[in-house]
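Keep the structure open beside the text as you read.

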Amino acid sequence: MLQNLHVKNLALIDETEVDFRNGLNILSGETGAGKSIIIGSINLALGEKVQKEMLRENADYALVELIFSVTDEKQKELLRELDVFPENDEVILSRKIVNGRGVAKVNAESVPASKMREIASILIDIHGQHEHQSLLSKKKHLEILDDYAKEEIFDPKEKLREAYKNYRALLEELKEADVDEEERLREISFLEYEIKEIEEADLKEGEDEVLEADYRKFSNGKKIMEAVNAAYQYTGNQSDNVSELTGRALRELNAASAYDEKVKGLEEQLLEIDNRELADYIDETEFDDETFYRMEKRLDELNHLKSKYGSTITDILSELEKKQSRLQQLQDFDQYIGNLKQKLADAEQELKKYCDKVSKIRKKYAKKLTGAVTEALKDLNFLDVKFEMEFGQTADYTANGTDDPEFLISTNPGEPVKPLGKVASGGELSRIMLAIKTVLADQDAIETLIFDEIDSGISGRTAQMVSEK
């Protein structure tokens with residue numbers, strides 16, 4: 001639960017702390033006393049967008065810090081999945097605002113605001129002044145139901161999303177495959193040309209790297225041979241000071257080592273090598289124009305292919321496989337389309353299976369949810385209320401299945417149930433959302449609920465019942 005709030009340099013607040021206790025905590029005061037700033041500061045700490053005007057005038061920075069006590073094992077497990085580990089059963093969320101930018105931290109470790117919001121969703125639930133208006137949207141009704149049924153519905157919904165993703169990909173592939181005969185023949189001709197161009201190049205993995213190294217060596221052949229010959233002369237002449245001559249040899253090799261890895265190796269081993277190794281290098285190394293021309297021409301060919309098909313030989317060969325596969329599809333077009341349609345039919349059957357499974361779970365929990373909310377509404381002075389859920393169908397498959405449920409309500413005896421958004425007033429919506437929140441709270445590990453302006457538009461016995469709830 002939320003134990004402590006610390007706010008500094010935010011709007012009207014210089015610096016303040018609020019300690020919370022178990023059970024009901026009420027912040028009350030006249031309009032303008034700063035109640036909304038307290039809620040705003042908490043939202044800020046939980047990852048809400050930073051507004052420049054929130055910073056106290058003439059202050060260099062603003063700071064909000066929330067300390068949560070976390071003892072529930074389910075909450076701890078959810079936090080661990082986000083790499084958050086309570087220290088002494090505490091989690092500290094803080095947000096510092098400097099120059100209009102926020103720095104979010106969890107237990108002193110910086111995190112993105114998006115991750116802060118994920119963590120906050122495990123620890124706290126804030127019902128804002130106008131959140132009850134979301135009940136006017138049927139989409140919200142589905143969210144509430146799935147939230148209530150999340151223990152059982154989570155895994156089937158994940159499988160449903162994967163099945164939907166696969167179904168949509170195949171549907172898109174079939175749509176793109178719908179080409180006329182002239183276009184198909186034109187694409188076949190172009191693919192055959194590209195495949196032939198790549199295949200005739202007879203590419204080998206890594207040959208471009210070897211060629212580039214050899215090219216660098218050949219293009220600087222004269223400089224390399226001058227350096228190696230000079231090094232050979234210096235190290236082979238025993239009449240001069242060996243140390244001085246070796247130093248000269250190292251300088252000569254150093255000037256050429258950037259162009260050939262082997263020369264670089266000789267440079268590094270000069271003090272240990274036998275002079276014969278330099279002689280062997282001179283004998284075995286040739287820099288003829290014909291070899292250089294062939295090398296240059298091959299590099300041009302490889303670079304041309306890279307400019308068309310990929311930045312590496314691996315990329316080009318991968319592209320070749322794709323083109324060969326596509327050519328095969330177009331050459332055996334009827335078979336390809338037939339196979340694709342079969343895959344799509346199988347994918348749709350799989351998707352429908354998970355849609356039905358998820359729908360069955362939803363309908364089971366819808367009865368439990370509406371029954372529990374009805375009882376909660378009676379506690380909120382809806383004495384003759386009827387609260388139900390009606391299931392419609394979406395026009396097509398969605399990542400959420402095919403259910404299109406909607407809450408229905410009747411607040412007067414003898415009156416038929418009607419869509420919630422069409423019959424409930426603002427004050428009634430607020431109490432209905434409170435009833436839903438209290439029911440969801442029984443299903444949830446979240447230990448802190450904040451209701452902002454929950455008493456708006458109510459008075460008398462209803463206000464009393466709301467406060468009791």
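Helix 1 (residues 35-45) is mostly covered, with eight of its eleven residues buried. Those buried residues are Ile 37, Ile 38, Ile 39, Gly 40, Ser 41, Ile 42, Leu 44 and Ala 45. Just after helix 1 comes Gly 47, which takes a positive phi of about 110°. Please keep in mind that this is a predicted model.

What does helix 1 lie across? It lies across strand 1 (2-10), strand 2, strand 3 and strand 4, and runs at about 100° to strand 1. These strands belong to an open sheet of six strands, in the order 2-1-3-4-5-6, with antiparallel pairing. Its edge strands are strand 2 (13-19) and strand 6, each of which pairs on one side only. On average, and with direction ignored, neighbouring strands of this sheet are turned by 15° against each other.

Helix 3 (residues 113-123) also has a place here: it lies across strand 3, strand 4, strand 5 and strand 6, running at about 140° to strand 4.

## Strand pairs in the two sheets

In general, strands of a sheet pair through backbone hydrogen bonds, either parallel or antiparallel. The table lists some of the antiparallel pairs in this model.

| Strand pair | Sense | Bridges |
|---|---|---|
| Strand 3 (residues 61-69) and strand 4 | antiparallel | nine bridges |
| Strand 4 (residues 90-98) and strand 5 (residues 101-106) | antiparallel | six bridges |
| Strand 5 and strand 6 (residues 109-111) | antiparallel | three bridges |
| Strand 9 (residues 401-410) and strand 10 | antiparallel | two bridges |

Strand 4 and strand 5 form a hairpin with two residues between them, and Asn 99 in the turn has a positive phi of about 55°. Strand 5 and strand 6 form a hairpin with two residues between them as well, where Asn 107 in the turn has a positive phi of about 50°.

Another open sheet has three strands in the order 8-9-10, with antiparallel pairing. Its edge strands, strand 8 and strand 10 (418-419), each pair on one side only. Within strand 10, Pro 419 is the bridge partner of Leu 408.

Helix 4 lies across strand 8 and strand 9, running at about 100° to strand 9. Which other helix does helix 4 (residues 138-148) come within 9 Å of? The partner is helix 14 (residues 333-378), and the two axes cross at roughly 90°. That makes helix 4 roughly perpendicular to helix 14. On the helix 4 side, the contact is made by Leu 142, Ile 144, Leu 145, Asp 146 and Tyr 148, and on the helix 14 side by Arg 362, Tyr 365, Ala 366, Lys 368 and Leu 369. Sorted by class, this contact has seven nonpolar, no polar and three charged residues.

The structure holds three aromatic pairs. One of them joins Tyr 167 and Tyr 397 in an edge-to-face arrangement, 5.4 Å centre to centre with 70° between the planes. Tyr 167 lies in helix 5 (residues 150-177) and Tyr 397 in strand 8 (residues 386-398), so the pair ties together parts that are 230 residues apart in sequence.

Conventions. Residues are numbered from 1 along each chain as its sequence is written. This is a predicted model: local features need pLDDT of at least 70, side-chain atom pairs count only at pLDDT 80 or more; totals for chains, interfaces and linings use all residues. Side-chain values use heavy atoms; hydrogens and water are left out. Axes are lines fitted to C-alpha atoms, for helices over the stretch in contact, and angles run from 0 to 180 degrees between N-to-C directions. Helices (H or I, at least four residues) and strands (E, at least two) are DSSP runs, numbered from the N terminus. Angles under 35 degrees count as roughly parallel, over 145 as roughly antiparallel, 65 to 115 as roughly perpendicular and the rest as oblique. Contact means heavy atoms within 4.5 Å. Ala, Val, Leu, Ile, Met, Phe, Trp, Tyr, Cys and Pro count as nonpolar, Asp, Glu, Lys and Arg as charged, and the others, Gly among them, as polar. Two strands pair if DSSP finds at least two bridges between them. Rings of Phe, Tyr and Trp (its six-membered ring) pair if their centres lie within 6.5 Å; planes under 30 degrees apart count as stacked, over 60 as edge-to-face and the rest as tilted. Buried means under 20% relative accessible area, exposed over 50%, partly exposed in between (1.4 Å probe, protein chains only).
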